[in-house]
Structure formats: C-alpha cells, structure tokens
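Work through the exercises below with the sequence and coordinates at hand. Each task is followed by a stepwise solution.

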Amino acid sequence: AISYTWNGSTKSAIISGFDANLITQGGDATATNAGTYTVTFDLVDDDNYTWTDDTTEQKSGTWEVTQATGSITATSDSVTLTTNALYADVTLTYNGDGTITPSSSDTSIATVALVSGSTYRITAQANGTATVTFSASGTSNCTAATKTVSVTCNLVSTTLDNNDWDS
C-alpha cells in the first residue's frame, strides 16, 4: 500500500503506466489530510477484457496519509533581557496545522505576545527567570508539540541598593 506522512501538501495515489483507454481510475486518488483512502479501477470494456484473475468487477486498494509528528523550533532557546534591551523577538518554525499558544511560567518576570505571523515578543517585567512555552495543539494531521525558551531578566532597579554593582 502507498503511505505518505502529512505535510500539508496534496498527496496522490494515481497509478501511471496503464492504458487509460482500457482502465479508469477513480475514488480517492488525491488527498491532503491524514486518513485512509480508497482508489478504484474499472475496466472500460469489460465485454472484451478481464483482469488477470479473469474477473471484470471493480478493483480497489487503500492508501494512507499518516499523522505527522509535531515539531516547533525557535530562533533562540534562551534570551537575556536587560534595561537596554527590554524585549526580544523569537520566530518559530512549526510543521503542523494546530494553533500555537504561548505562555510564561511567571508573568511578573516576563510576558509573551504574538507580534505577527510566527514571531513572538518576550518582554521583561522584573528581575528574575522564567520559561516561555509555546504549545501547539494536536490535530488529526499532526501531533501536539511544545518548545520552551528560557528567559533571564537583569534590569536596573530604581532603588540603588537593589542593584548588583559588581557585574
């Protein structure tokens, strides 16, 4: 049986090399989504032709597009934010068709929001560390996926004694 892994493009079970004047192909010859499909073959002239098994009935076969394993990559695995660079943009590459939801482990330290397309902005709120997680929901075409980005925020405090002057 023919098997493809889903990637968002149209897949085909069209068989070549047969005489279209003698055989017609039908059923699910192309598909985009994950699933199992049936392709059919009929003799055009079943009065004068038979299959190799001496029958004239329609023949069919199944083929499939399997669910892909979800994967998210980011332009950075970690970011350090400072008073001079209060935010960093991270661009994601995602191979699926689920919805990506960003979250911060501590929004009092760092927040995250969509800028546009697949670019997200991580913004410092206070000194400390946080983890930003990008979660993609699973679908029938692609499994769920996550990507984490470590965030360190080193900001100058308006209270002089709260600053580390040695670094």
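**Exercise 1: aromatic pairs**

Count the aromatic pairs, then classify the pair Phe18 and Phe41.

Solution. The count comes to four aromatic pairs, where rings of Phe, Tyr and Trp (its six-membered ring) pair if their centres lie within 6.5 Å, and planes under 30 degrees apart are stacked, over 60 edge-to-face and the rest tilted. Phe18 and Phe41 have ring centres 6.4 Å apart and planes at 90°, so this pair is edge-to-face. The two residues are 23 residues apart and link distant parts of the chain: Phe18 lies in the loop between strand E2 (11-12) and strand E3 (23-27), Phe41 in strand E5 (residues 35-43). Strands (E, at least two residues) are DSSP runs, numbered from the N terminus. Ring pairs also link Tyr4, Tyr37 and Trp63 into a cluster.

The model is predicted: local features need pLDDT of at least 70, side-chain atom pairs count only at pLDDT 80 or more, and totals for chains, interfaces and linings use all residues. Residues are numbered from 1 along each chain as its sequence is written, and side-chain values use heavy atoms, with hydrogens and water left out.

**Exercise 2: accessibility**

Are Phe18 and Phe41 buried, exposed or partly exposed?

Solution. Buried means under 20% relative accessible area, exposed over 50%, partly exposed in between (1.4 Å probe, protein chains only). Phe18, at 29%, is therefore partly exposed. Phe41, at 16%, is buried.

**Exercise 3: cysteines**

How many disulfides are there?

Solution. A disulfide is a pair of cysteine sulfur atoms within 2.5 Å; the count is zero. Cys142 has 0% relative accessibility and is buried, and Cys153, at 1%, is buried.

Notes: Helices (H or I, at least four residues) and strands (E, at least two) are DSSP runs, numbered from the N terminus.
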